[in-house]
Amino acid sequence: MLRNMRHRVIIAAMLAFFAVIVMISVLVNVVNFCMVTNRLDETLSSILSFEEMPQTGPKRDGPPPEPFKMFPDEDSNYMTRFFVVRFDAAGNAVNSSTDFIASVGAEDAEQLAKQAMSRRSDHGYINEFRYARQESGS
């Protein structure tokens, strides 16, 4: 009888310990997800500001004349990989810029952007990419 009670107490303690570990793990991962998402949204806001800057000179097909330098940390400017797709009022892709990313081609960028346009939210995830939609005044 004492032996059965001992086993029950040990099992209850192990289950309580396991539950606490699971709750801590879930909490840490949720906080990390929220922090990463907020950081990505800040980065997307900087990219949208960069894209809204007036272009000087004729538009070229090659690399952009100026690198992306919107962050105070110099390394972050060179580690940021992104693409931009512009749509007309009818929803047709008119311009795609993949100058700052090597892993996504123009066709893939347009496909991903069309998926983002079909969603209700202005921010979200498609595959491993975070997206932001913004209407332009021009």
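This is a predicted model: local features need pLDDT of at least 70, side-chain atom pairs count only at pLDDT 80 or more; totals for chains, interfaces and linings use all residues.
On a 1 Å grid over the protein atoms alone, a pocket is an open set of points where a 1.4 Å probe fits, with protein on both sides within 12 Å along at least five of seven lines. Residues are numbered from 1 along each chain as its sequence is written, and side-chain values use heavy atoms, with hydrogens and water left out.

Let's start with the overall fold. The chain has three helices and four strands, taken as DSSP runs numbered from the N terminus (H or I of at least four residues for helices, E of at least two for strands). Along the sequence they follow the pattern α-α-β-β-α-β-β. Of the 138 residues, 20% count as buried, where buried means under 20% relative accessible area, exposed means over 50%, and partly exposed lies in between (1.4 Å probe, protein chains only).

Helix H1 runs over residues 2-52, and its end C-alpha atoms are 75 Å apart, in agreement with the 75 Å that its 51 residues should span at 1.5 Å a residue; the expected span is 1.5 Å times one less than the number of residues. Its buried residues are Thr 37, Thr 43, Leu 44, Ser 46, Ile 47, Phe 50 and Glu 51. They pack against strands S1 (82-87), S2 (93-100), S3 (123-126) and S4 (129-132).

Back to the pocket. Its lining counts 39 residues, and Leu 48, Phe 83, Val 84, Val 85 and Ala 132 lie nearest its centre; a lining residue has an atom within 4 Å of a point. H1 gives the most, with eight residues. At least two residues each come from H1, helix H2 (74-79), S1, helix H3 (106-117), S3 and S4. By class, the lining has 22 nonpolar, seven polar and 10 charged residues. Here Ala, Val, Leu, Ile, Met, Phe, Trp, Tyr, Cys and Pro count as nonpolar, Asp, Glu, Lys and Arg as charged, and the others, Gly among them, as polar.

Now for the charged pairs. A search of the whole structure finds two salt bridges, each a side-chain nitrogen of Lys or Arg within 4 Å of a carboxyl oxygen of Asp or Glu. In one, the side chains of Arg 130 and Asp 41 meet at 3.0 Å, N to O. This pair links distant parts of the chain, with Arg 130 in strand S4 and Asp 41 in helix H1, 89 residues apart. Arg 130 counts as buried because its relative accessibility is 18%, while Asp 41, at 21%, counts as partly exposed. The other joins Asp 122 to Arg 133, with the closest N and O atoms 3.1 Å apart. Asp 122 sits in the loop between H3 and S3, and Arg 133 in the segment after S4, 11 residues apart.

Finally, look at Arg 86 in strand S1, which is partly exposed with a relative accessible area of 30%. Beyond its neighbours within four places in sequence, Arg 86 is in contact with Glu 51, Glu 52, Asn 92, Ala 93, Val 94 and Asn 95, contact meaning heavy atoms within 4.5 Å. The C-alpha atoms of Arg 86 and Arg 133 are separated by 9.8 Å, although the two residues are 47 apart along the chain.
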